[in-house]
Amino acid sequence: MDPAVVAVFVFVYLGMILGKIPGLAMDRTGIALLGAIFLLADGKIQLEDAWRSIDVQTIALLLGLMVLSAQFRLGGFYAHLTRRLGTMNVSPTVFLALLILSSGLLSALLANDIVCLAMTPVLVEACARRGLDPIPFLLALACSSNVGSAATLIGNPQNMLIGQTLGLSFAGYSLDAAVPVLLGLVSVWYVINRQSRGTWIKETLVPSVETPPFDAWQTGKAVLVLCTLVGLFLFTQLPRDVLALAAAGWLLSSRQVSSRRILGLVDWQLLVLFSGLFVVNHVLAVSGNLERMMRAVCSTGINICAPEWLFGVTVLLSNLVSNVPATMLLLPVATHPMAGPILALSSTLAGNLLIVGSIANIIVVEQARNYSVRITWKDHARVGVPVTLITLLIAAAWLWLQTLI
């Protein structure tokens, strides 16, 4: 066992757990990049091999879909939709249901992180204008975006990685995930509605939220590209990464919106995080350390390749190191025919347990704080814990039934 490689691996994944290095202004992206740089400097991997270890197909798919989601944001679509929902003459429970349905559907087809980033400020404004407590609705946005993103192989970064690495069928996976996701969205509504019944009203200061004006032409372009992409994903075998890049290229060749503005909304931090983790995990695998670690785990009676163990370990790791690093670590043992849906559903649904369980949760909490709405760990746990337990139970039961068919 190579002590240096193991030390870098422990450093990187401990950083994924903590989210930072004490005493340093370094986040998860910086930690992953630093780990890859150390392995290069120590000669554990050559630069050419490091580049080859990065899954370019997954990075390309991520980049293309980020550009598409940025187009929706610049067209003012997210803000326009949220304001329309906020001004509808419906009860708080119906407003909650419409919000959950909308954010779940959007997150299934677009990056859920950007959906939360764009909708959170406007949702705070909409709740304040209606005299509603924004916290239940913000928690609904975070939870439903996580649950909804599990519906497809393009809803979140870990699903994109799983789909590309395991070569999953877009339509096949969506069929596997449809029932748990739909029941999961109902569960989000049920939990929040039950906890907030009779306590919807709260007077808060109406914030001033600046958003891009709604542009029907730019939004229409984005809708056309999205529908075309989803159709091609469903009914053709063309490579999804190339299709996504082609769509991004068409959107970037605009006469009205500069490419700088669109690319400025791309989450480059996430792409660097992926790249760093690809390098670290590759070195761990080729050095033989990953195989030794897996054998050590199996010697305790835990067979990670078995569906039930893979499901449970994914849930645990997703809450320790976040769902993207957990997925990368477990993909080498994803050999069961149902491993793809197991990894995708369990890692995504587990993200609702704690605030740090998913980037979407963190975005909602931090964005809300910018508008004087404070969501505590206790606030989130009151919703996140029951939602996570219910949705994971539903997913486990559904996947178990699928293995019997």
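Helix 19 (359–370) hands over six residues to the lining of the largest pocket, the largest share of any element. Helices here are DSSP runs of H or I with at least four residues, numbered from the N terminus. Keep in mind that this is a predicted model, where local features need pLDDT of at least 70, side-chain atom pairs count only at pLDDT 80 or more, and totals for chains, interfaces and linings use all residues. Residues are numbered from 1 along each chain as its sequence is written, and side-chain values use heavy atoms, with hydrogens and water left out.

Back to that pocket. Rolling a probe the size of a water molecule over the atoms shows where empty space is left. In practice, a pocket is an open set of points on a 1 Å grid over the protein atoms alone, where a 1.4 Å probe fits and protein lies on both sides within 12 Å along at least five of seven lines; lining residues have an atom within 4 Å of a point. The largest pocket has a volume of about 500 Å³, counted as the space filled by probe spheres set on the points, which are joined across faces, edges and corners. Its lining runs to 28 residues, with Asp113, Asp267, Leu270, Leu273 and Ile359 nearest the centre. Besides helix 19, the elements that supply at least two lining residues include helix 7 (112–130) and helix 14 (268–286). Sorted by class, the lining has 10 nonpolar, 13 polar and five charged residues; Ala, Val, Leu, Ile, Met, Phe, Trp, Tyr, Cys and Pro count as nonpolar, Asp, Glu, Lys and Arg as charged, and the others, Gly among them, as polar.

The second largest pocket holds about 270 Å³ of space. Of its 17 lining residues, Leu168, Gln237, Leu238, Pro239 and Arg240 sit nearest the centre. Helix 9, helix 10 (170–196), helix 11 (216–235) and helix 12 (240–252) each give two or more residues to this lining, and helix 11 gives the most, with three.

Now for the salt bridges, meaning a side-chain nitrogen of Lys or Arg within 4 Å of a carboxyl oxygen of Asp or Glu. By that rule there are four. In one of them, Arg83 pairs with Glu125, with the closest N and O atoms 2.9 Å apart. Arg83 lies in helix 5 (residues 77–86) and Glu125 in helix 7, so the pair ties together parts that are 42 residues apart in sequence. Glu125 also meets Arg129 in a salt bridge (3.8 Å, N to O). Glu125 is buried at 7% relative accessible area, whereas Arg129 is exposed at 59% (buried is under 20%, exposed over 50%, partly exposed in between, with a 1.4 Å probe and protein chains only).

Elsewhere, Arg52 bridges to Asp49 at 2.5 Å between the closest N and O atoms. Both sit in helix 3 (residues 47–53), three residues apart, about one turn of the helix.

Finally, have a look at the surface. Val10, Leu14, Ile17, Leu18, Leu316 and Leu320 form a nonpolar patch there, with about 520 Å² of accessible area together. Helix 1 (3–18) and helix 16 (307–321) each give two or more residues to the patch, and helix 1 gives the most, with four. Leu316, found in helix 16, is exposed at 55% relative accessible area. Patch members have over 30% relative accessible area and no salt bridge, and nonpolar side chains are joined within 5 Å; areas come from the Shrake-Rupley method with a 1.4 Å probe.

Notes
Patch = residues over 30% accessible without salt bridge, like charges linked within 9 Å, V, L, I, M, F, W, Y side chains within 5 Å.
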